[in-house]
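Please read the following note beside the sequence and the model.

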Amino acid sequence: MSARERDFTAPTVQLLTPDGELRPTPEAEAYLPLVEALDDTMLERFYRDMAISRRIDIAGANLQRQGQLALWVPSHGQEAAQVGSAHAARPQDHLFPSYREHIVGIIRGLDPVNILALLRGATLGGWNPAENGNFHLYTLVLASQTLHATGYAMGLQFDGATATGDPETDAAVLVYYGDGASSQGDASEALVFAASYQTPQVFFIQNNQWAISVPVSRQSRSPLSLRGGGFGMPGVRIDGNDVLVSYAVTRQSLEEARAGEGPSLIEAETYRMGAHTTADDPTKYRTDDEVEYWARRDPITRYRTWLEGRGASAAFFDDVDTEAADVAADLRRRALDLVAPTREVIFKHVYSEPHPLMTEQSAWLEAYESSFEGGSSA
Amino acid sequence: MNARTEEELRVTDATQGSAEGLETQYAASETTATDAASTDTAAVASAAPSTERGVPGVQTLSLAKAITAGLREAMRADDKVLLMGEDIGPLGGVFRVTEGLQAEFGDKRVLDTPLAESGIVGTAIGLAMRGYRPVIEIQFDGFIFPAFDQITTQLARVTVRHNGSASMPIVIRVPYGGHIGSIEHHQESPEAYFAHTPGLRVVSPSNPHDAYWMIQEAIASNDPVLFFEPKSRYWPKGPVDQAHAGLPLHASRIVREGTDVTVVGHGAMVATLLQAADIAAEEGRSLEVVDLRSLSPIDYGPLLDSVHRTGRLIVAQEAYGNVSIGSEVAATVAERAFYSLEAPVLRVSSFDTPFPPAALESEYLPSPDRVLEAVDRALAY
């Protein structure tokens, strides 16, 4: 008996080479029309959003170093995966992030000061998805949101809010998680439920190569995209630093989902150029050579090269740089203006309906605190 | 209408706060199925259209079937209510609590899910975000733990994390407790883990009437409710008055009045306490029995009233005693009724060991005699 096949590989779908040439890989040819359908405004928007993401990343890291945030979660290097996929969603779609998708929220209409408030310790999130582009809350327990997204997608099905044949109203769900989270049981259970109920849903794995300090090879011996097939749904591996392929493949997958063709999985190969969070020191676990390799594959540089080749003006890039700097400065200013929540917030929304412990304990805390504030100094 | 039926009606009419009525109700719940069939023909006949909505009447139902009836009512009243669980469709669940519901409501409202508890709770959260009111069946108590993360880190916090803009009307039904002679992980009492978690509500009915109403109240709640069903009490029948709602979901209740010692418990333990009270009465001791019904929040009013009168309290539970519901009740009563207490609050629990092989369960689980041993100790002060 011969040895069983132990070679698991998957091609990486890419439209834009690291040098900024539009040269589709064989598997990418089919996606080209989706890119060709984009007008200049949208193509420029991709660049603008990636630039804003990178400037906000710098602002966030600085705020943390200055003691203004408990934590910052960097996204430097992952801009193309996030911006392309976010623009692939339609307004009626629902997006379930992990906790690194700041620009996705911004694209959906979320004021990023909400994210800074969370990382500053002023809120637990707090935004209403319905008022913020159906961008759901960050979820800090790895992969928990994959199940929420799947349940939401089941609800879309039960409501008849999808697969009616009208792409303008049919809704789908896009859920983000990472290579580390892919090892969580919930991530697998979500794939099981999604396949079982044929939910209108796209699983978008940003494989940024590192789960804090542990490389993706510890999470998976084969490309994560192959997990799709194992659960009975298409899986595709894309160059996550190519904003065009990120957009096109996510767009195609979401359109199939909303048309009733079921869920699919995308693995976007990218790289976290910075630390996992500002609490981390990546020099302890990865090499300069590796970082340098990925720096040469930078998503913004390659896209800029391509846009320049198409005739984008120097003035456009200057304007974007100015706008991105302004957005980041404004965000920084507003983060510093955030006021600490008042103590009733501890109790306020723990339950939707009255609860005796909340009533008793908030009254006790109020009386206790006011015993100092209003009490005699004698 | 025969005498028995009249008695049942009297009992259920007097449900609000009537200890005598409830005691009779419990007595009725001990009736064998054969007895019920022979004596309740008229009652059943008079309530014959009781499967139709809005027809008042008293039915004699097991606790399991009372929950079935409550689920049916809730599903008829609100088409956003849907059931999720393992083997709950054509089979009707391993305890047949959902029997007939998929046939009536279809497989879009009674979902036989993949066998993954975290997946069930996690997707239920997403469905609730979409406006549904999922009612989950966990097949057995010991199988809830794969979902513990979703319940405690996610479900319990959705509302506060959304600053109140999202509510989580999810009910998680959990058949729990011993006395059924089953294998490992099938006889657990894990309620304290959930009562310890802010954001959850935890209740446990002890009789069919409460079960019928409490399941509907739990489904109507906009907060997540862990609904612990005492599976050793699934089969004894008792009257269910479908015309007169019981107490609010989180109210506790004095189910038998007494003067010497208060004994409190929940779920299946209430039947044990009533048996203990019967034995004590023969010995000239009068026990007051309190059914907690709700474990989070706990309604201390009736319990403190009782302790003010009796001065002695025994807290009984099937769960492990260490860091338990009983610990919390004992501590709170000591804080709030210190000057009324004639003796320390004593706890009667299972032992702080894994649930043993079922052959040993009668020595492991608190019995009426173990309750009475504690009563003796309390009275010795």
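1. In this predicted model, 33 residues of chain A are in contact with 32 residues of chain B; two residues are in contact if their C-beta atoms, placed from the backbone, lie within 7 Å. Local features need pLDDT of at least 70 and side-chain atom pairs count only at pLDDT 80 or more, while totals for chains, interfaces and linings use all residues. Residues are numbered from 1 along each chain as its sequence is written, with chains lettered from A and ligands numbered from 1 in the order in which they are written.

2. On the side of chain A that touches chain B, two or more residues each come from α6 (144-159), α7 (185-197) and α15 (356-373) of chain A. The most, eleven residues, come from α6(A). Helices (H or I, at least four residues) and strands (E, at least two) are DSSP runs, numbered from the N terminus.

3. Chain A has 15 helices and eight strands. Its radius of gyration, taken over C-alpha atoms, is 22 Å, close to the 21 Å of the globule rule (2.2 Å times the number of residues to the power 0.38) for 378 residues, so chain A is as compact as a globular protein of that length.

4. In chain B, the domain assignment, which is automatic or from a database, gives domain 1 (3-241) and domain 2 (253-379). Their contact takes 27 residues from domain 1 of chain B and 25 residues from domain 2 of chain B. On the domain 1 side of this contact, α2(B) gives the most, with four residues.
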